Amino acid sequence: MTTFFKQFKRGLLPVYVLLVILTSSVTLVSCSKDDELEIQNDFPFEVQVMPVQKDVSNGQTVEIRMAIKRSGNYSDTQYFIRYFQFDGQGTLRYSNELAYLPNDLYPLPTEQFRLYYTSSCTVSQSFDVWISDSFGNEKKLTFQFNSSD
């Protein structure tokens with residue numbers, strides 16, 4: 001009877017070796033460093049604009065209310081604004097600050113803000129506003145005003 005168990009043990013030796021190799025392989029693969037935790041910090045956003053009047057006269061100021069709506073929240077995201085006026089003449093400014101220069105990039109201190117456009121002519125006026133974030137996402141908004149003079 002003991003010879004039977006010795007032969008049975010010898011027959012199971014390759015199974016034990018295979019089991020050890022399989023267990024070692026699974027352990028090594030599951031401990032690879034390629035599975036680092038990824039933190040998402042680049043979230044798309046939308047810009048909501050309240051309705052704006054369509055007519056403006058020379059010297060009149062129009063308020064433009066905007067809000068940035070994020071699809072996620074990353075606390076270090078910064079937002080910027082720039083604009084370019086391609087028809088007419090006027091100035092765009094944030095709150096009580098100096099007027100923006102066309103195509104210059106300015107930081108936005110808050111996600112809800114008001115811009116003020118002041119007309120400087122008696123013809124139709126159009127300009128684009130670009131809102132961008134620190135990750136390169138950008139939204140373009142076009143504003144057009146008819147002259148009421």
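**Salt bridges and paired strands**

The structure, which is a predicted model, holds 6 salt bridges. One of them joins the side chains of R65 and E63, with 2.9 Å from N to O. R65 counts as partly exposed, because its relative accessibility is 37%, and E63 also counts as partly exposed, at 29%. The side chain of E63 meets that of R114 as well, in a salt bridge of 3.2 Å from N to O. Since E63 belongs to strand 3 (residues 61–70) and R114 to strand 7, this pair ties together parts that are 51 residues apart in sequence. R114 is partly exposed, at 37% relative accessibility.

Another salt bridge links D128 with K140, whose closest N and O atoms are 3.6 Å apart. D128 lies in strand 8 and K140 in strand 9 (residues 138–147), so here the parts tied together are 12 residues apart in sequence. D128 counts as buried, at 8% relative accessibility, whereas K140, at 52%, counts as exposed. Through shared partners, salt bridges join E63, R65 and R114 into one network.

Strand 7 (residues 112–119) runs antiparallel to strand 5, and 5 bridges join the two, with Y94 standing opposite L115 of strand 7. In a regular strand, side chains alternate between the two faces of the sheet. Strand 5 (residues 90–94) has G90, L92 and Y94 on its covered face, and T91 and R93 on its uncovered one.

Strand 8 (residues 125–133) is joined to strand 4 by 8 bridges in an antiparallel arrangement, where Y83 stands opposite V129. Strand 4 (residues 79–87) pairs with strand 6 (residues 106–108) too, in the antiparallel sense over 3 bridges, and there I81 stands opposite Y106.

Key
Residues numbered from 1 in each chain as written. Predicted model: local features only at pLDDT ≥ 70, side-chain atom pairs only at ≥ 80, totals over all residues. Heavy atoms only, no water. Buried < 20%, exposed > 50% of the residue type's maximum accessible area, 1.4 Å probe, protein only. Helix = DSSP H or I, 4+ residues; strand = E, 2+ residues; numbered from the N terminus. Pairing = 2+ DSSP bridges. Salt bridge = Lys/Arg side-chain N within 4 Å of Asp/Glu carboxyl O.
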